[in-house]
Structure formats: structure tokens, C-alpha cells
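I wanted to look up a few positions in this structure and write down where they sit. These are my notes.

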Amino acid sequence: MNLPAHHPLVDGGTAASPLIRAYRGDRPETTPVWFMRQAGRSLPEYRALRVGMAMLDACLDPELSSEITLQPVRRHGVDAAIFFSDIVVPLRLAGVDVDIVPGRGPVLGTTIRTARDVAALRPLDPAALSPIAEGVARTVAELGSTPLIGFAGAPFTLAAYLVEGGPSKDHLRARTLMHSDPAAWDALLGWAADVTGAFLRAQVLAGASAVQLFDSWVGSLSVVDYESRVSQFSAQAIAHVKDLGVPVVHFGVGTGELLRSMHAIGADVMGVDDRIPLDEASRRLGAEVPLQGNINPAFLAAPWPVLERHVLDVIERGRAASAHVLNLGHGVPPETDPGVLTRIVELAHA
Ligand code: CP3
């Protein structure tokens with residue numbers, strides 16, 4: 001481990017936390033739990049802070065990003081914080097014209113579709129990451145022995161936004177570029193891997209005790225396309241933090257067929273979405289891989305007894321894996337009653 005001597009994983013007690021123990025394959029006394037998108041619109045205290053402030057401006061304000069990161073930890077008593085930021089933040093810091101449009105997601109001013117477009121992309125100046133490092137440092141100073149998870153988008157998911165110019169259902173133009181101009185594709189994914197890898201590394205050096213690489217939209221690829229044109233770039237992104245020795249979680253949506261290939265890029269833990277039960281995911285991966293997931297977000301608005309039964313079923317199936325961190329199969333829907341999330345934490349800890 002090449003972590004700084006004062007890193008929380010070295011001297012701050014997060015190594016003994018239930019989350020990090022589970023990520024390392026141990027089974028703590030109670031199931032650790034956190035929620036993807038736990039910081040955000042489901043919380044009234046978040047909506048109050050964000051009034052009149054653009055999403056990306058909030059991400060680049062260390063005081064605000066830290067406060068928003070801490071809100072769900074205080075409210076729900078979750079076992080981890082995840083740094084409040086966005087997968088497109090490092091793109092913006094590298095000079096890409098990208099904004100986050102409320103209710104829609106990341107939207108690009110110009111698309112990246114040709115070798116010339118790719119060649120015009122600039123590397124990320126490490127100094128630009130200082131608001132991220134400062135936000136993380138402020139956060140871990142407050143968290144004590146509760147670990148902070150750093151995160152980044154994987155090259156394919158970033159490329160899906162860069163090529164499409166915004167959110168897309170099938171990422172068809174990105175999937176076409178991969179085959180019509182493989183050299184431009186490789187250059188684009190290589191650029192994205194280094195930009196997102198630097199974002200990840202800055203978070204770990206500033207105090208994150210684990211990282212999650214989100215390849216949210218990779219489920220639209222075949223295993224063949226993934227292994228031949230994508231996975232090496234996800235490995236390249238992860239390589240930026242490998243020497244630091246923090247656990248690496250890897251997650252995507254609709255990835256039942258890709259789990260083994262995604263694990264093979266160098267992930268320690270696999271995040272599983274709600275389309276495949278955890279016991280089946282564990283069977284596909286071999287039982288030694290710790291799993292994270294996979295409460296179906298659709299159940300969050302169901303009556304409590306229905307949700308409770310579902311959560312207990314997820315915990316039960318999670319016993320098939322060497323270790324299990326309870327989470328959702330995808331992010332918290334904005335309209336979720338936050339009280340329901342607190343109740344799930346109490347159930348997991350009971
Ligand atoms: O609490 C957390 O999970 C940490 C914060 C976080 C955000 N984005 C904040 C955010 C994380 C981990 C992300 C990652 C992210 N961003 C992913 C990967 C995770 C996933 O959900 O698959 C992706 C694909 C994005 C791109 C993106 N950014 C989308 C699809 C959206 C939602 C658009 C919308 O308004 O519904 C965003 C915006 C965004 N990122 C919000 C938040 C809290 C909402 C913006 C707002 O509150 O105004």
C-alpha cells in the first residue's frame with residue numbers, strides 16, 4: 001500500500017469498519033449497507049442546499065460537496081459515505097463542454113465522433129483536481145472511522161455520453177464508432193481512462209478508503225465487444241489506484257452476462273444490479289468474490305412489509321457470496337421517502 005501515513009485506512013480506523021472488512025471478504029457481525037445516490041434529491045436537506053446552484057458548481061465547491069456527502073450518513077446511519085460528485089466532473093475539469101441538465105443528466109456542448117474530435121481532447125491538469133481533493137479531505141475529517149468511497153465513471157460509460165452528446169437509451173452511436181473507427185475509439189477510451197483514473201487517484205490520496213468504478217451503461221455491450229474493445233481501458237483506469245491498495249468495487253446495470261469479464265479487469269468486489277439474484281451472481285463469479293447489491297429500487301415505494309420481505313430475501317441470497325454489502329440494484333429514485341432508507345439500514349443492522 002502506497003497510501004500517505006495519515007490516510008484513514010492506515011491510521012483512521014476505517015480498515016476495521018464493517019464495510020472495508022466485507023470488501024476484503026470478511027463477514028462482519030452485521031451486514032454493512034449504503035445506497036447508490038444516497039446523497040441527492042431524496043433528501044430535503046440536499047434540495048435546500050442546492051437551491052439556485054448548478055449541479056457541477058456544487059460538485060466543485062469543497063464545503064458544499066463535503067456537507068452533501070455527510071447528509072445521508074447523519075440521517076440514515078449508513079456504513080459508508082460516497083463522495084458527492086459526478087462521473088462527468090473530471091471531463092469538465094479537462095476542459096470538455098459538459099453540463100448536467102436537471103431531470104435529464106449530462107449534456108455535451110459538442111459531440112466527440114471523429115478521430116479529429118478525439119485528438120483535440122486535452123489531458124487533465126492534476127492541479128484542476130484540487131477542489132475534489134479538498135472536498136474529500138474535509139469529508140474524511142468529519143467521518144472518523146466511517147469510510148468514504150471515492151468513485152469514477154468507467155471509460156465506456158463516459159464515452160457513451162461523449163459520443164452521443166447526452167443520455168441515450170441504446171448508446172448506438174458509441175457502439176458503432178467502436179467498430180467503424182477502432183483507432184479513434186481506442187484513443188477516446190484511453191483518454192477517458194487516464195482522466196477518470198486521475199479523478200479516482202485524487203480521491204484516494206485525499207482520504208477515500210475504497211473506490212467504485214461505475215460502468216453504468218456497459219450492459220448494452222456483448223461480451224465479445226466488451227472484452228475486445230472496452231475492458232482493457234477499464235483496467236487502465238483502475239491501474240491509476242492499484243498501487244494504493246484500496247478495495248475496488250465495479251458496477252454496471254444489466255451486467256449479468258458480463259460479471260466475470262468485469263471482475264477480471266482487477267475489481268475486488270462486484271456490484272450487482274437487480275436483474276440477477278445475488279446467489280446466481282455468486283454462482284457465475286465463483287463464491288469467493290464479495291458482492292454488493294441489489295435491492296430492487298421499485299420496491300422502495302411498496303408497502304413496508306413487501307419491501308421488508310424483499311430486503312430479507314436479498315440478505316439471504318447474499319449469504320451465497322463470501323461477503324455481502326447491502327445496497328440497491330441502482331440509484332435511489334429522487335422521489336423516494338428517505339424514512340424508508342433509514343428503515344432498511346435498521347433492518348440490516350438488527
Ligand atoms: O450519493 C451518491 O451516489 C454520490 C453522488 C453521485 C452522483 N452521480 C450525483 C448526482 C454519483 C455516484 C453519480 C454517478 C453517476 N452520474 C453515474 C453512475 C451511477 C449511476 O447512477 O449509474 C451516472 C451514469 C451519472 C450521470 C448522471 N448525472 C445522471 C444519469 C444524472 C441524473 C439526471 C437526473 O437529474 O435525473 C446525473 C445528475 C446527478 N448526479 C444528480 C446527482 C445528485 C442529480 C442532479 C441534481 O440533484 O440536480
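The entries below cover some single residues and one record annotation.

I am working with a predicted model, in which local features need pLDDT of at least 70, side-chain atom pairs count only at pLDDT 80 or more, and totals for chains, interfaces and linings use all residues. I number residues from 1 along each chain as its sequence is written.

Ala5. I found Ala5 in the segment before helix H1 (8-11); helices are DSSP runs of H or I with at least four residues, strands are runs of E with at least two, and both are numbered from the N terminus. Ala5 is exposed because 6 other C-beta atoms lie within 10 Å. The cut-offs are 20 or more for buried, 12 or fewer for exposed, and partly exposed in between, counting other C-beta atoms within 10 Å, placed from the backbone. Leaving aside neighbours within four places in sequence, Ala5 is in contact with Val10 and Asp11 (C-beta atoms, placed from the backbone, within 7 Å).

I checked the unreviewed UniProt entry, whose "binding site" annotation covers Arg37, Gln38, Ala39, Gly40, Arg41, Asp86, Tyr161, Ser216 and His330. These residues do not all gather at one spot, because the farthest two C-alpha atoms are 22.8 Å apart. UniProt annotations may be inferred rather than shown by experiment; positions follow the numbering used here, and feature names are shortened.

Ala39. I placed Ala39 in the loop between helix H2 (18-23) and helix H3 (44-50). Ala39 is buried, with 22 other C-beta atoms within 10 Å.

Asp86. I placed Asp86 in the loop between strand S1 (81-82) and helix H6 (89-93). Asp86 counts as partly exposed, with 19 C-beta neighbours inside 10 Å.

Technical notes. Contact = placed C-beta atoms within 7 Å.
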